[in-house]
Amino acid sequence: MKQQIMKDPTFLSQPAPATGLPDDQLAQNLVDTLLAHQDHCVGMAANMIGVNKAMIVLFIGVLPVVMVAPQIIKQSGRYETKEGCLSLLGERPATRYQAITVTFKDRGGVARTQAFSGFVAQVIQHECDHLAGKLI
């Protein structure tokens, strides 16, 4: 079910617990909300819909992919950019990495480790910042 976008900076500044278990209802709410905003949004974290859990969703190609408790374990190719966010007005500067490796659980609870680069890597970093309570 599509959820409202959280805009309260105090709530968004709270780090999510580092571990997470699959939560199918939360995952579906994230997917539904991302799809409802897909014309101007490519990813979101659970706190963006008011739930302080370690879960993100993002488009990889045309498919929304859910990641539970994502952790960036490797990064290279540092660069500076500006990013916008559904939860906040305007754009803000951000330091990102061109290539990252992430450990996470998929929607079914299976542990995964995967490398990402380019724009997908940037989106994952943005959403992981949300989970860390960093306002972008």
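This is a predicted model: local features need pLDDT of at least 70, side-chain atom pairs count only at pLDDT 80 or more; totals for chains, interfaces and linings use all residues.
Residues are numbered from 1 along each chain as its sequence is written, and side-chain values use heavy atoms, with hydrogens and water left out. Local features need pLDDT of at least 70, side-chain atom pairs count only at pLDDT 80 or more, and totals for chains, interfaces and linings use all residues.

An open sheet of five strands has the order E1-E2-E3-E4-E5. Its pairing is antiparallel. Strands (E, at least two residues) and helices (H or I, at least four) are DSSP runs, numbered from the N terminus. Two strands pair if DSSP finds at least two bridges between them. E1 and strand E5 (111-117) stand at the edges with a single partner strand each, so one side of each lacks a neighbour in the sheet. The twist from one strand to the next averages 45 degrees. Seven bridges join E4 and E5 in the antiparallel sense. Val102 stands opposite Gln114 in E5.

Helix H2 lies across E1, E2 and E3. H2 runs at about 40 degrees to E2. Axes are lines fitted to C-alpha atoms, for helices over the stretch in contact (heavy atoms within 4.5 Å). Angles run from 0 to 180 degrees between N-to-C directions.

The largest nonpolar core has 36 residues. Such a core is a set of buried Ala, Val, Leu, Ile, Met, Phe, Trp, Tyr and Cys residues joined through side-chain atoms within 4.5 Å. Buried means under 20% relative accessible area (1.4 Å probe, protein chains only). Leu30, Met44, Met55, Phe116 and Ile124 have the most contacts inside this core. Elements giving two or more residues to the core include helix H2 (24-36), strand E2 (55-60) and helix H3 (118-131). H3 gives the most, with six residues. Beyond its neighbours within four places in sequence, Leu30 is in contact with Met44, Ala45, Ala46, Ile49, Met55, Ile56 and Val57.

Notes. Buried means under 20% relative accessible area, exposed over 50%, partly exposed in between (1.4 Å probe, protein chains only).
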